[in-house]
Amino acid sequence: MDAAERLLQRSEDADFSMRALAAEAGVSFVTPFNHFGGKTQIIQALSARVIGRMADRFQAHKGKEDAVAGVLTMSRIAVGLLLERPGVYKAVVGSLGVVSPAPSAVWSQSRDLWAIALADLSGLAPERIVGKAEIAAQLAVGFRGCLSFWIAGEIPDEALAQAAAAASAAVLLGFAEQRRRAPLLKVLAAGPRPEIGG
């Protein structure tokens with residue numbers, strides 16, 4: 001996987017061949033196939049690795065935050081990591097959107113990441129909570145939507161953090177305690193907007 005990340009970083013089109021991967025890793029041509037099964041599975045493993053890095057950074061940072069602050073912190077940490085090597089991560093996330101014979105586990109992995117940020121659900125109104133997994137799943141969808149527009153060039157690097165925070169705020173507004181709603185509305189209002197008719 002390290003070799004795949006290096007190849008993606010150096011490649012002008014953020015791609016690699018299995019032959020180049022084997023050479024970069026210093027293994028025989030068949031080894032990546034034997035270990036992963038194919039290029040799609042390598043990309044899925046890279047995605048899981050990135051999600052794991054996000055979780056590790058969040059755990060290292062985590063303070064005494066409620067669920068609302070935790071989600072916004074996770075959003076900031078996740079975007080910060082992606083922007084460290086945007087070419088690599090755009091290639092990884094973008095490749096996950098390609099039709100594959102077998103579904104990936106990315107949504108469940110991403111849902112689990114957002115569940116970490118939600119922690120004990122403090123800051124959310126008990127009467128509005130439908131379930132931690134359900135809220136986390138919608139946070140994952142919103143974040144992935146931002147990434148899709150980022151990969152397509154519609155959200156520039158410098159606006160990705162605001163877009164991701166706004167997407168998270170939009171989801172959280174449906175569940176937040178009354179006292180937490182005004183700050184979330186500010187986050188949502190600060191999010192980037194597409195050009196009308198552009």
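The model is predicted: local features need pLDDT of at least 70, side-chain atom pairs count only at pLDDT 80 or more, and totals for chains, interfaces and linings use all residues. Residues are numbered from 1 along each chain as its sequence is written, and side-chain values use heavy atoms, with hydrogens and water left out.

**Whole chain**

Start with a cartoon of the protein, which shows 10 helices and zero strands. Helices are DSSP runs of H or I with at least four residues, strands are runs of E with at least two, and both are numbered from the N terminus. The radius of gyration is 18 Å, close to the 16 Å that the globule rule gives for 198 residues, so the protein is as compact as a globular protein of that length. That radius is taken over C-alpha atoms, and the rule is 2.2 Å times the number of residues to the power 0.38. Display the C-alpha trace next; along its principal axes it spans about 60 × 40 × 30 Å.

**Burial**

Colour by relative accessible area: buried residues (under 20%, 1.4 Å probe, protein chains only) make up 40% of the 198 residues.

**Asp 66**

Select Asp 66, in the loop between α4 (39-61) and α5 (67-84). Its relative accessible area is 15%, so Asp 66 is buried. Now show the residues in contact (heavy atoms within 4.5 Å): Asp 66 touches Ser 122, Gly 123, Arg 179 and Arg 180, leaving aside residues up to four places away in sequence. Finally, draw the distance between the side chains of Asp 66 and Arg 180, which a polar contact of 2.9 Å joins. A polar contact is a pair of N or O atoms within 3.5 Å; within protein, one must be able to donate a hydrogen and the other to accept it, and residues adjacent in sequence count only if both atoms are side-chain atoms.

Terms used: Buried < 20%, exposed > 50% of the residue type's maximum accessible area, 1.4 Å probe, protein only.
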